[in-house]
Amino acid sequence: MSPEQIGFALLYIGVFLIIGKIIRVKVKIFQDLFLPASIIGGFIALLLGPQVLGKIAALFVSEGHFLTNGIMTDTIIQVWSALPGLMINVVFASLFLGAAMPKLKDVWTYGGPQLAFGWAVGWGQYVIGLLVVLLVLTPFFDIPAMAGALIEVAFEGGHGTAAGMASTFEELGFSEAFDLAIGLATVGVLSGVIFGIILINWAVRNNKTEVIKDVDGFSELRKSGIMEYQNREPAGKMTLRPESIEPLSFHLSIIMVAILIGWGILQGLIGLESITIANWTGSSFMKYIPLFPVAMFGGIIIQIFFNKNDKYNLIDRRMVNRIQGLALDLLIISAIATVSLEVIGDYLVPFLILAVAGISWNLFSFIFLAPKIIPNYWFERGIGDFGQSMGVTATGLLLMRIVDPDNESPAFEAFGYKQLVYEPFLGGGLVTALSVPFIAGVGPWAGLILALCMTALGILVGIFHFGRKKQHE
């Protein structure tokens, strides 16, 4: 594969992102679903690739004809297949760069109820997934027990985490789990918006909301994904002079160093395990951990260093967000475009069972647990966690913006505080990364017991500590 072929494959991404954006602007149903251009473009690329257009063309053209690959060459598919595993490191290394680190007391006071609720939902996804595996998927479909982690990996983690776990699935002998996880993440995004809008309409009609009393909807521009003129803000601050270093280059370099620090930490852990636990027991565990959650800690280390030594506030959070957003767009479009439809078809019934089970648990948790755990503005605050639990943090923020357009409730502040503690563990953090090798190593029953205990912890702390506070307000 030549550099020119790799470069051409990357240029192709731009074409499909633009196509996705044009479709979002022109097609009303995609506006109403608030689908990102990366998801739309990814599906278009999938349809025009070897798995759909190529299969159809093969019925009418001779073998070896260029159309049997659709309009995607083998090189493009190869390059795109590698992108998700690379881009997820950028996404996670950026999570805490440029972000202010609040006091732990404030995190617990404002974000505690969200954390308890999110903790219960996230660990509960493992409980549901492992029960489905133990009772149905393994006995009747011979699915490996590690599939019990797919709901949390795909729904809480989203496309990025699902893609980042690809190497772990492959090394553990269940490479098909990658395609299933990407498919589940896509179902999660669609379901999150659809059920979120349904829940909001239900809540308004039944006086469950405290901020809005009717649903007017967003402007046509916003639905199209175009920023209104009066709301346009700078994408980032020029914290350095371009003649010394381009600010974008500086921020990208910081993220690269964070990933390298994470890689060094991971290699150190693998080496330490090889001369200790692996040497004593003959089994290894750390080599199955993907890089992205450790890259997140690399970013935290860099941010702590800058907090102590940078008196000029050189890291701009908005600039970091733009780089993170670019990486996420590249990740999503390439992951969806290269997902194996054949694998999903082969595992269609288990796939649907996992999807229905995950959605059902998230809906149950939001309707029955959120009001008991979150002491005030439970709907405005809980709907954000519901959206995130379906796969994308942006979905949660979108739903919160609908029910609290002027930020009158503590929803956004509480959600942000919760993320600082939640992200390092669930939704793509260490727990997510370790769950698959843990279940594969010690078995689903041990995983189920642990998940049950953690779910119970979130529910009990939520109801009996935070939930009681509403009685005194």
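Phe 379 is in contact (heavy atoms within 4.5 Å) with Leu 199, Ile 200, Trp 202, Ala 203, Lys 208, Thr 209, Phe 366 and Val 403, leaving aside its neighbours within four places in sequence. The model is predicted: local features need pLDDT of at least 70, side-chain atom pairs count only at pLDDT 80 or more, and totals for chains, interfaces and linings use all residues. Residues are numbered from 1 along each chain as its sequence is written, and side-chain values use heavy atoms, with hydrogens and water left out.

**Core**

- Phe 379 also belongs to the largest nonpolar core, which has 135 residues.
- A nonpolar core is a set of buried Ala, Val, Leu, Ile, Met, Phe, Trp, Tyr and Cys residues joined through side-chain atoms within 4.5 Å.
- Buried means under 20% relative accessible area, exposed means over 50%, and partly exposed lies in between (1.4 Å probe, protein chains only).
- Which core members touch the most other members? They are Trp 80, Leu 150, Phe 366, Phe 379 and Ile 383.
- In soluble globular proteins, nonpolar side chains tend to be buried together.

**Whole chain**

- The chain has 22 helices and zero strands. Both are DSSP runs numbered from the N terminus: helices are H or I with at least four residues, strands are E with at least two.
- The radius of gyration is 22 Å; a compact globule of 473 residues would have one near 23 Å, so the two agree. This radius is taken over C-alpha atoms, and the globule rule is 2.2 Å times the number of residues to the power 0.38.
- The C-alpha trace spans about 75 × 60 × 50 Å along its principal axes.
- Of the 473 residues, 51% are buried.
- Among contacts with a separation of 6 or more, 78% join residues 24 or more positions apart.

**Surface and charge**

- The chain carries 28 positive and 34 negative charges, and their mean positions are 10 Å apart. Lys and Arg count as positive, Asp and Glu as negative; His and the chain ends are not counted. Each charge is placed at NZ of Lys, CZ of Arg, CG of Asp or CD of Glu.

**Buried sites**

- Ser 365 sits in helix H17 (residues 348–373). Ser 365 counts as buried because its relative accessibility is 0%. Beyond residues up to four places away in sequence, Ser 365 touches Phe 117, Val 121 and Ala 370.
- Phe 96 is in the loop between helix H5 (74–93) and helix H6 (104–141). Its relative accessible area is 6%, so Phe 96 is buried.
- Leu 398 lies in helix H19 (residues 393–403). Leu 398 counts as buried at 15% relative accessibility. Leu 398 and Phe 34 are 364 residues apart in sequence, yet 8.8 Å apart in space, C-alpha to C-alpha.

**Positive phi in loops**

- Asp 142 is not a glycine, but its phi is positive, near 55°. Asp 142 is in the loop between H6 and helix H7 (150–156). With a relative accessible area of 67%, Asp 142 is exposed.
- Asn 207, also not a glycine, has a positive phi of about 55°. Asn 207 lies in the loop between helix H10 (176–205) and helix H11 (220–224). Asn 207 counts as exposed because its relative accessibility is 62%.
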